[in-house]
Amino acid sequence: MIQLKLTQGDSDWKQARAGKVTASRSKDARDKLKSGAASGKQIAYACQVALERVSGQPADATFENWQMREGRVQEPIARAAYERRTGNLVDEVGAFATDDDLFLYSPDGVIDNDGLLEVKSLFSPERIMTIVGNGDVSDFIDQCMFGLWLTGRQWIDLVVWVPALEHLSIKRIDRDEDAIEALETDLMAFARLVTQYETTLRTAIQSTTEPALEAA
């Protein structure tokens with residue numbers, strides 16, 4: 001594991017993510033049809049990562065909706081509220097990457113030697129009802145386990161913050177070796193799919209550009 005000294009959200013951080021499988025997209029990386037075949041989400045994400053590897057540039061750098069922007073504004077508010085409630089001191093970090101440069105995780109903070117922090121600010125009424133009203137945090141489990149897998153830490157506090165209600169909840173998620181083993185297996189299979197798409201793209205580019213170069 002390598003710690004990257006970056007400022008989350010800036011151009012260097014976006015560049016560091018390019019071509020890597022990230023924790024925030026791990027659910028898409030594992031998404032499959034009931035038949036076991038790759039789903040549309042999984043294929044689309046594999047194509048994105050493959051393109052980033054070939055181009056060397058982030059493919060989604062310009063996409064940012066208002067919820068993403070507001071989420072960045074609300075994150076430090078939620079982090080400070082978490083510190084007040086728990087007494088835990090949160091250190092902000094840039095990102096962590098695997099030694100092979102295939103996977104990357106950007107936590108919302110690290111706590112002591114064993115903990116991580118993940119903040120989710122909610123704005124959609126439907127999401128608020130599902131996650132807060134019904135207590136369903138399943139959308140975030142893969143991301144949290146990805147962080148524990150990559151960093152080797154033992155627990156992660158998932159903070160759900162609803163600005164409209166001024167409501168903050170905290171769910172402690174402990175390291176689950178069985179879940180992490182299954183996650184790792186799926187992620188490595190996804191990485192192989194990305195490599196397959198990358199090879200296909202590089203081969204196609206080479207076959208169409210070489211004649212033109214020779215003619216010139």
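Analyst: E184 lies in helix α7, residues 177-215. Helices here are DSSP runs (H or I, at least four residues), strands are E runs of at least two, and both are numbered from the N terminus. This is a predicted model, where local features need pLDDT of at least 70, side-chain atom pairs count only at pLDDT 80 or more, and totals for chains, interfaces and linings use all residues. Residues are numbered from 1 along each chain as its sequence is written, and side-chain values use heavy atoms, with hydrogens and water left out.

User: Why is E184 called partly exposed?

Analyst: Its relative accessibility is 35%. Buried means under 20% and exposed over 50%, with partly exposed in between (1.4 Å probe, protein chains only), so E184 at 35% lands in the middle class. A44 in helix α3 (residues 40-55) gets that label at 48%.

User: What makes D176, D178, E181 and E184 a negative patch?

Analyst: Asp and Glu count as negative, and these four form a surface patch. The rule takes residues with over 30% relative accessible area and no salt bridge, joining like charges within 9 Å. E184 clears the area cut-off at 35%.

User: How many aromatic pairs are there, and why is Y45 with F190 called stacked?

Analyst: The count is four. For Y45 and F190, the ring centres are 5.3 Å apart and the planes sit at 15°. Rings of Phe, Tyr and Trp (its six-membered ring) pair if their centres lie within 6.5 Å; planes under 30 degrees apart are stacked, over 60 edge-to-face, the rest tilted. So 5.3 Å makes the pair and 15° makes the stack. Y45 belongs to helix α3 and F190 to helix α7, so this contact ties together parts 145 residues apart in sequence. Y45 is buried at 1%, and F190 is buried at 1% too.

User: What makes F103 and W149 edge-to-face?

Analyst: Their planes are at 80°, over the 60-degree cut-off, and the ring centres are 5.2 Å apart. F103 is buried at 1%; W149 still counts as buried at 15%. Ring pairs also bring in F146, giving a cluster of F103, F146 and W149.

User: How do you know that R79 and E92 form a salt bridge?

Analyst: Their closest N and O atoms are 3.3 Å apart. The rule asks for a side-chain nitrogen of Lys or Arg within 4 Å of a carboxyl oxygen of Asp or Glu, so 3.3 Å passes. R79 is in helix α4 (residues 66-86), while E92 is in the loop between α4 and β3, 13 residues along. R79 is buried at 8%, whereas E92 is exposed at 61%.

User: What about E198 and R202, and why are they about one helical turn apart?

Analyst: They meet in a salt bridge at 3.1 Å, N to O. Both are in helix α7, four residues apart, which means about one turn between them. E198 is buried at 15%, but R202 is partly exposed at 38%. The whole structure has 13 salt bridges.

User: Why is D112 called exposed, and what stands out in its phi?

Analyst: At 60%, D112 is over the 50% cut-off, so the label is exposed. Its phi is near 50°, a positive value in a residue other than glycine. Most residues other than glycine have a negative phi. D112 is in the loop between β5 (109-111) and β6 (115-121).

Methods
Patches are made of residues with over 30% relative accessible area and no salt bridge: like charges are joined within 9 Å, nonpolar side chains (Val, Leu, Ile, Met, Phe, Trp, Tyr) within 5 Å. Accessible areas come from the Shrake-Rupley method with a 1.4 Å probe; for residues, only the protein chains shown count as cover. The place of a charge is taken as NZ of Lys, CZ of Arg, CG of Asp or CD of Glu.
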